[in-house]
Amino acid sequence: MKLNPEQQQAVEYIGGALFVLAGAGSGKTRVITEKIAYLITQAGYKPHHIAAITFTNKAAKEMQERISHRLGKNQTRGLIVSTFHALGMRILREEATNLNYKKNFSILDSSDSAKLIGEMLASSGREPIIKAQHQISLWKNNLLSPDEVYAICENDWQMQTAQIYSRYQATLQHYQAVDFDDLIRLPAILLRENGEIRLKWQNRLRYLLVDECQDTNACQYELLKLLTGLEAKFTVVGDDDQSIYAWRGADMENLRRLQQDYPQLKVIKLEQNYRSTARILKIANQVIGNNPKLFPKTLWSNLGEGDAARIMACRDEVHEAEFVVQQIAKNKLLYDANYADFAILYRGNHQARLFEDALRVARIPYQISGGQSFYDKAEIKDVLAYLRLLANPNDDPAFLRAATTPKRGIGETTLGKLNAYAQQHECSLFEASGSLNTLATLSTKSRESVQQFIALLRDYQQRAQTDDAGETVQNLLDDIQYENYLLENHAENPKMAESRWKNVQDLCTWLAKKSEERNLVELTQLIALMTLLENKDEEIDAVKLSTLHASKGLEYPFVYLVGCEEGLFPHADSVEEHGLEEERRLMYVGITRAKQQLTMTHCKKRKRAGTWQYPEPSRFLDEMSSDDVVRIGHTSGEVVSQEKGRKNSRALLAMLNQKIGGN
DNA sequence: ATTAGCGCCTTTTTT
DNA sequence: AGGCGCTAAT
């Protein structure tokens with residue numbers, strides 16, 4: 001299919017700064033793909049001078065595939081398609097010495113960093129830790145150093161947190177580790193302060209494309225500005241109405257700043273939606289109309305009127321799950337649809353469980369995306385801890401995990417003594433374990449355990465120099481008898497052990513495959529950023545379960561938007577100030593995932609933290625005009641069925657499917 | 001004296 | 001799945 005005039009314009013405008021305001025379903029990924037093809041084949045850019053930046057690995061992978069498909073692998077060699085964090089890591093690795101880091105730095109995940117902050121905090125408990133971590137992250141994302149933060153603190157708590165921030169950074173440095181925020185912050189600081197290095201990278205990356213730019217934080221925006229320089233050869237694509245990451249520092253002000261910083265900024269709007277029926281778009285526009293507008297736009301489509309959306313009132317969450325599953329079973333037969341045509345979208349991950357149960361009972365295949373990621377899994381973190389420790393012996397968090405997994409007779413007391421020594425001598429736990437003075441303070445048994453562990457690590461540090469990464473890890477797993485550890489740990493559930501071991505094996509396979517081109521250090525850093533390995537079950541025909549956040553960018557003929565209740569969605573913590581606007585954008589994202597049929601559910605009562613709650617239906621449901629919404633379920637006694645327009649729907653679905661096939 | 005294992009609690013969204 | 005406190009095992 002041909003590009004529409006606006007899309008074509010967005011592809012061919014390469015004179016300077018360009019902002020493509022791309023509504024949901026307006027074909028923005030296609031525009032980015034075509035533009036990269038245009039830059040390479042028409043405008044004379046070499047692939048290695050172009051970088052396309054996304055926010056998730058999934059999006060990066062998908063774009064990489066589409067570009068390869070469009071141009072062929074040979075034509076795209078050297079093209080950078082990566083997340084902001086992966087690009088930052090690349091810069092950081094090359095420029096590490098300029099930032100007082102070694103190339104083998106570790107990357108801490110957020111639970112590592114939470115643990116660190118927790119140790120520095122006077123009080124205990126999860127909440128204050130999360131709060132402090134969040135505050136520090138916000139400061140970092142706004143490019144504020146600890147010293148700059150001291151000057152602007154408004155209360156005692158902020159003052160204390162600022163002190164922790166300062167100590168936290170010192171500790172990271174000591175570990176030769178960075179956190180996720182640093183991956184972008186440190187390169188931004190370096191490029192800002194060092195003109196020579198800035199020029200070097202500006203020369204290397206001559207055209208930048210940024211997807212989902214409404215989700216950039218101040219740090220990422222700064223990095224973008226520094227990389228593109230005065231020539232401003234870049235395209236940013238985004239939609240202010242789909243900004244849903246303010247809670248982690250994303251700032252829509254960046255879109256406004258864009259106009260100030262680049263007065264020549266060209267803005268192209270993509271308003272034609274190729275995804276949803278007119279009535280679904282009407283609801284979406286109504287809801288988002290309650291938010292203040294940054295760049296006004298109205299989505300339209302020529303895919304027909306379609307059915308009214310449905311709002312179902314359920315008795316409780318069990319009823320909700322049963323209803324949705326029963327509807328899926330029914331609609332699958334009625335429309336001769338695939339399972340993969342259905343999606344269940346929810347606000348929080350914990351909501352997934354009941355739907356999983358109901359789907360299992362009904363023997364309907366399902367697939368969860370956006371839940372806990374592959375690398376959040378314990379077994380992967382275990383292996384990664386060993387890798388990190390081999391790459392960087394200063395990585396104390398990795399030492400703590402590896403030393404105690406599998407259990408090898410090193411416990412709390414021993415680690416406490418090692419830590420005391422390490423603090424006193426300002427060295428790593430690894431070094432402390434090698435010190436004869438420390439070892440003398442341990443019992444015979446503990447001492448032997450520690451010495452064995454250290455000998456193991458030294459052995460593998462040696463091997464990693466010569467053997468390839470895949471082989472090293474495979475041998476290491478044998479030596480620590482990791483498979484046995486899994487089996488013993490899940491003695492009553494061998495299937496669990498099996499699936500975990502399989503995850504570990506998948507990781508090994510991946511390492512073996514990649515270890516031709518990259519060394520162990522690089523692979524370890526790469527893994528830290530990944531949220532999913534090759535999604536081989538991507539294509540299976542299964543009902544999709546997803547959080548609203550993780551659903552952005554995806555589309556389904558049938559969407560069930562569940563748990564539309566005050567307190568849950570909008571979430572209770574966000575019903576003040578800007579929080580509510582963001583929840584509304586989340587609702588907008590949810591609605592615009594639907595191509596043909598949209599069903600929203602809410603429960604009369606729901607068990608929260610052990611007690612029954614009686615939530616009101618979500619306020620967002622009241623923002624939809626009654627012309628385009630049908631209320632069914634509990635209130636009216638019986639489930640009212642929708643006969644009207646069904647034939648049209650069937651024809652529409654056929655048409656939609658044909659379009660998908662035709663691409 | 002030390003470590004390991006069991007059962008208890010909770011969980012908004014993610015690189 | 002992880003953190004906490006308690007108890008059993010060495």
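I count two residues as in contact when heavy atoms lie within 4.5 Å. The model I am reading is a predicted one.

**Entry 1, helix H6**

I looked up helix H6, residues 126-141, and checked its length. At 1.5 Å a residue, its 16 residues should span 22 Å, and the end C-alpha atoms are 22 Å apart, so the two agree. I then listed the buried residues of H6: Ile129, Ala132, Gln133, Gln135, Ile136, Ser137, Trp139, Lys140 and Asn141. What covers them? The cover includes helix H5 (110-120), helix H7 (146-152), helix H8 (156-175), helix H9 (182-193) and helix H11 (218-228). Just after H6, I noted that leucine 143 has a positive phi of about 60 degrees.

I also looked at lysine 131. Its charged end sits over the ring of tryptophan 157, at 4.3 Å from the ring centre.

I ran the length check on helix H4, residues 84-95. Its 12 residues should span 16 Å at 1.5 Å a residue, and the end C-alpha atoms are 16 Å apart, which agrees. Is H4 enclosed or open? Nine of the 12 residues are buried, so H4 is largely enclosed by the rest of the structure. I wrote down the buried ones as Phe84, Ala86, Leu87, Gly88, Met89, Ile91, Leu92, Arg93 and Glu95.

I looked up the largest nonpolar core and found 116 residues in it. Phe19, Leu227, Phe399, Phe453 and Leu477 have the most contacts inside this core. Helix H16, residues 378-391, gives the most to it, with nine residues. A second, separate core has 35 residues, among them Ile283, Val287, Leu345 and Phe620.

Leaving aside neighbours within four places in sequence, leucine 227 is in contact with Leu87, Ile91, Leu191, Trp201, Gln202, Leu205 and Leu208. Two of these names are on my list for H4: Leu87 and Ile91 are buried residues of that helix.

How many aromatic pairs does the structure hold? It holds 11. I picked out phenylalanine 342 and phenylalanine 558, which form a stacked pair, 4.6 Å centre to centre with 15 degrees between the planes. This pair links distant parts of the chain: phenylalanine 342 is in strand S10 (residues 342-346) and phenylalanine 558 in strand S13 (residues 556-561), 216 residues apart. Both phenylalanine 342 and phenylalanine 558 are buried.

I took phenylalanine 569 and phenylalanine 620 next. The ring centres are 5.7 Å apart and the planes stand at 65 degrees; over 60 degrees counts as edge-to-face, so this pair is edge-to-face. Phenylalanine 569 lies in the loop between S13 and helix H27 (579-591), and phenylalanine 620 in helix H28 (residues 619-622), so the pair ties together parts 51 residues apart in sequence. Phenylalanine 569 and phenylalanine 620 are both buried.

I noted one aromatic cluster, formed by Tyr335, Phe342 and Phe558. I also noted arginine 463, whose charged end sits over the ring of tyrosine 460, 4.4 Å from the centre.

Where does glutamate 212 lie? I found it in the loop between strand S6 (207-210) and H11. A polar contact of 3.0 Å joins its side chain to that of lysine 28. Leaving aside neighbours within four places in sequence, glutamate 212 is in contact with Lys28, Phe55, Val237 and Lys552.

Notes. Residues are numbered from 1 along each chain as its sequence is written. Chains are lettered from A and ligands numbered from 1 in the order in which they are written. This is a predicted model: local features need pLDDT of at least 70, side-chain atom pairs count only at pLDDT 80 or more; totals for chains, interfaces and linings use all residues. Side-chain values use heavy atoms; hydrogens and water are left out. Helices (H or I, at least four residues) and strands (E, at least two) are DSSP runs, numbered from the N terminus. The expected span of a helix is 1.5 Å times one less than its number of residues. Buried means under 20% relative accessible area, exposed over 50%, partly exposed in between (1.4 Å probe, protein chains only). Rings of Phe, Tyr and Trp (its six-membered ring) pair if their centres lie within 6.5 Å; planes under 30 degrees apart count as stacked, over 60 as edge-to-face and the rest as tilted. A charge sits over a ring if NZ of Lys or CZ of Arg is within 6 Å of the ring centre and within 35 degrees of the ring normal. A nonpolar core is a set of buried Ala, Val, Leu, Ile, Met, Phe, Trp, Tyr and Cys residues joined through side-chain atoms within 4.5 Å. A polar contact is a pair of N or O atoms within 3.5 Å; within protein, one must be able to donate a hydrogen and the other to accept it, and residues adjacent in sequence count only if both atoms are side-chain atoms.
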